[in-house]
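Trainee: Could we go through this structure together, one piece at a time?
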Amino acid sequence: MDILYFLVPLSVVLVFFIIGGIWWAIYSGQFDDIEKEGERILKDG
Amino acid sequence: MPLLMSSLPAFDEPNPAATLAGADRAHQQQQVLALSLLDDEQEWSAFSRPVAHQLGCWESNVLIEGMHCAACALTIEDVLKSVPGVRNVEVSAGSHRAKVVWASQAVVPSGWMQAVHEAGYRALPANDAFARERRLVESRKALWRMMVAGLCMMQVMMYAYPAYVAQPGDLTPEMEQLLRWASWVLTLPVIFFSCGPFFSSAWRDVLHRRISMDLPVALGMLITFLVSSAGTFDPAGIFGHEVFFDSLTMFVFFLLAGRWLELRLRDKTAGALETLMNRLPDSVLRLGPDGQFERVPVRRLQVGDVIRVLPGEAFPADGVLLQGHTSVDEALLTGESRPLTRQVGDEVISGSHNLSAMVQMRVDRVGEHTRFAQIVKLMESASTSKPTLARLADTIAKPFLIGVLIAAGLACAYWWRTDPERALMVAVSVLIVTCPCALSLATPAAMLSAAGALARRGVLVRRLDAFESLAGVDTVMFDKTGTLTRDAMVVNHIQVRQGFTQQQALALAAVLAQHSLHPLSRALVAAAGLAEVTERWQLDQVVEHAGQGVQAVVNFSGGAKPAFVLRLGSASFCDVAQLNPGALQVHMSDDAGWLASFEFQEDLRPDAKATVAALQRAGISVYLLSGDASDAAQRVAEQVGITQAQGNCSPQDKLDFLRESQVRGHKVAVIGDGLNDGPVLAGAHASFAFGQAVPLAQAQADFLVSGGRLTNVVDALLLSRRTLTIVRQNLSWAAIYNAICVPLAVFGLLPAWLAGLGMASSSLLVVLNALRLSKNEQFEWKA
């Protein structure tokens with residue numbers, strides 16, 4: 001089970017990567033208007 | 001809110017730019033510049049208006065940022081009132097707006113705005129591009145904090161799980177230590193980033209020597225974190241070896257999720273209002289003295305100016321058409337969704353849209369005298385004077401915190417004499433076990449869950465506080481049009497001249513009525529069904545006399561019969577005697593005189609009667625206040641079983657009625673749909689707007705019923721009463737939990753790990769109890 005000593009720290013690093021991904025998603029406007037994207041298919045133009 | 005804090009000195013320094021560091025610099029300079037720009041009188045009118053009867057006094061609308069609760073509103077009010085020259089202040093905690101009346105001889109806008117800055121908040125003039133951008137930043141940040149907390153929470157749970165399930169000996173000490181370190185690392189962003197708002201708000205409380213719920217919450221978070229950190233790095237130390245990272249992150253996530261949802265609700269409302277204020281164009285083509293049209297700012301318009309309005313533009317002022325023929329969209333102002341035709345001599349109102357052609361108009365009323373501005377103003381003042389509901393949790397925060405601190409102190413002192421090593425641990429247990437998770441989650445969790453349940457039934461909740469007010473409501477006021485009835489009318493009785501059948505009369509009337517957009521004409525066309533009869537008749541010279549009727553020359557195809565003049569409209573227009581006064585009638589006449597009479601009836605919503613009955617059964621007195629004619633209002637009231645009805649009410653009448661009932665101690669819910677309801681909706685304890693309602697009414701309503709089902713009102717009312725019951729259960733659970741656990745902890749019977757478990761499970765219990773509200777069960781009122 002020694003591999004855990006590598007995997008647990010790796011998971012911490014991974015979480016930070018995912019947090020970075022979320023940061024990108026939020027600040028590039030992905031969540032700014034959630035309803036609008038769903039309704040857009042119903043609208044012309 | 002570290003950004004806010006660090007930015008404060010900028011406004012005190014004579015040379016702000018010199019004290020600022022790198023990244024914020026440009027932004028700050030802009031801010032300072034923006035503030036001093038506001039001192040130019042030219043700019044005041046963008047967010048202020050002069051107060052009538054008080055020379056040199058201005059009334060300004062500002063947005064307040066950094067406000068969390070009703071207590072903040074009071075602080076800001078006190079701060080502003082202490083500025084010399086500020087005459088009156090009203091801060092609305094709900095809409096985060098403030099209305100400031102100030103004297104221009106004594107103070108400039110940047111003067112009192114700076115006072116707000118110094119109190120730790122930020123005031124922005126309420127013109128919106130600015131506010132909108134700010135809101136976006138705020139909501140992104142709230143989401144970002146919540147996401148970080150959520151993600152870290154999930155992962156910390158993973159690391160905590162082995163320790164919960166492991167049998168003694170399963171987990172090597174090294175492995176346990178590794179998992180703790182991993183948890184600690186992932187708790188860091190939660191504590192130092194996600195918890196930021198709680199800490200800064202708590203710090204502000206300390207600075208201003210007041211207590212809100214954020215203070216005990218922040219204290220609990222900090223202590224839990226410090227104790228857990230000590231447990232991680234110094235397991236043999238005085239704080240023991242227990243860690244609570246999982247409970248901590250979970251609690252933070254719950255709180256932030258609640259706050260984010262609240263923020264979203266609030267943003268939607270603010271957005272709708274701002275869109276509305278923005279409807280007036282910035283500039284307009286005005287006829288100059290040289291006969292040329294030039295573009296001038298709308299602010300420069302004066303009564304008597306001649307302006308040109310292009311298709312697609314909004315009318316910037318009230319006035320009369322001088323040239324051209326167009327259709328306008330007044331949906332936003334009157335709720336009339338169809339385009340209306342406007343010809344030379346007709347009045348147009350500001351805020352409505354010119355749809356089809358270029359027109360010239362003479363300006364009759366500008367700025368705050370327009371109907372649009374008056375309604376917006378009425379609504380704003382109604383919204384800021386709304387009674388602010390003190391949050392129950394906030395009111396008990398102070399005694400709670402003091403009690404907990406005393407208990408922890410006493411416990412520590414008691415154990416110190418006998419067992420100093422244990423004393424600190426006991427004090428920590430007390431603080432952890434009382435960490436007011438359940439207390440601070442009790443109310444928002446229940447309300448959010450109820451809001452979700454209503455959303456699935458087609459009712460959107462705009463303001464969570466509304467549940468509290470709706471539960472106490474004992475009076476419901478209906479606005480007739482569009483709430484109790486559908487928009488359209490139905491033909492319920494036809495009388496005809498000898499020799500005609502009802503079908504023939506209806507068909508003939510429908511042919512003529514097709515040329516009119518009047519609601520009654522549309523009802524006739526609808527009643528006749530599809531008029532295949534059209535082919536037999538041809539209409540020439542169709543003329544509509546506004547408010548009276550339609551007239552045309554009828555030719556039979558092939559010239560089978562001689563042509564005749566057909567009139568459809570009021571009794572006087574058709575020159576016939578009114579048959580049944582009081583009823584809503586349309587008459588038809590030809591060259592030989594009276595031909596037919598059609599009687600109309602409002603088309604009641606099918607569930608109107610059941611709804612009124614259910615409300616009355618729930619012990620609520622139901623009123624009908626309508627802008628329509630008295631007899632129409634009475635008729636509808638009788639049909640649905642309302643005894644107290646009144647017609648011909650202006651928006652002001654309705655508002656007066658509302659205030660009067662409120663003064664008499666009644667709690668009033670208003671159900672409306674049109675623009676005229678805006679101010680009334682805003683002033684009511686709780687308000688409903690129906691789906692087709694104009695945005696203005698929607699923006700001010702607490703509940704938005706989108707399916708057009710009246711019974712939803714009853715659902716919402718009953719659910720809000722249940723919500724309040726659940727809130728009370730949650731709060732009493734939190735009280736009982738504390739009453740049991742605090743003594744146990746004080747006497748050292750509750751180890752820290754059990755305290756952490758208790759804290760987590762009490763939060764969970766409160767959330768689960770709240771979730772009962774979202775169960776989609778049938779309400780009992782239908783019995």
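Mentor: Let us talk about a helix, a chain and some strands in turn.

Mentor: This is a predicted model, where local features need pLDDT of at least 70, side-chain atom pairs count only at pLDDT 80 or more, and totals for chains, interfaces and linings use all residues. Residues are numbered from 1 along each chain as its sequence is written, chains are lettered from A and ligands numbered from 1 in the order in which they are written, and side-chain values use heavy atoms, leaving out hydrogens and water.

Trainee: How many residues does helix α18 of chain B have?

Mentor: Helix α18 of chain B, residues 502–513, has twelve residues, and helices here are DSSP runs of H or I with at least four residues, while strands are runs of E with at least two, numbered from the N terminus.

Trainee: And how many of them are buried in α18(B)?

Mentor: Nine of the twelve residues of α18(B) are buried, meaning under 20% relative accessible area with a 1.4 Å probe and protein chains only, where over 50% is exposed and in between is partly exposed. Among them are Ala505(B), Leu508(B) and Val511(B).

Trainee: Back in chain B, why is strand β23 largely enclosed?

Mentor: Four of the five residues of β23(B), residues 621–625, are buried, so the rest of the structure largely encloses this strand.

Trainee: Which strands pair with β23(B)?

Mentor: Strand β16(B) pairs with β23(B) in the parallel sense over four bridges, and β24(B) pairs with β23(B) in the parallel sense over three bridges; strands count as paired if DSSP finds at least two bridges between them. In β23(B), Ser621(B) is the bridge partner of Thr475(B).

Definitions and conventions:
The expected span of a helix is 1.5 Å times one less than its number of residues.
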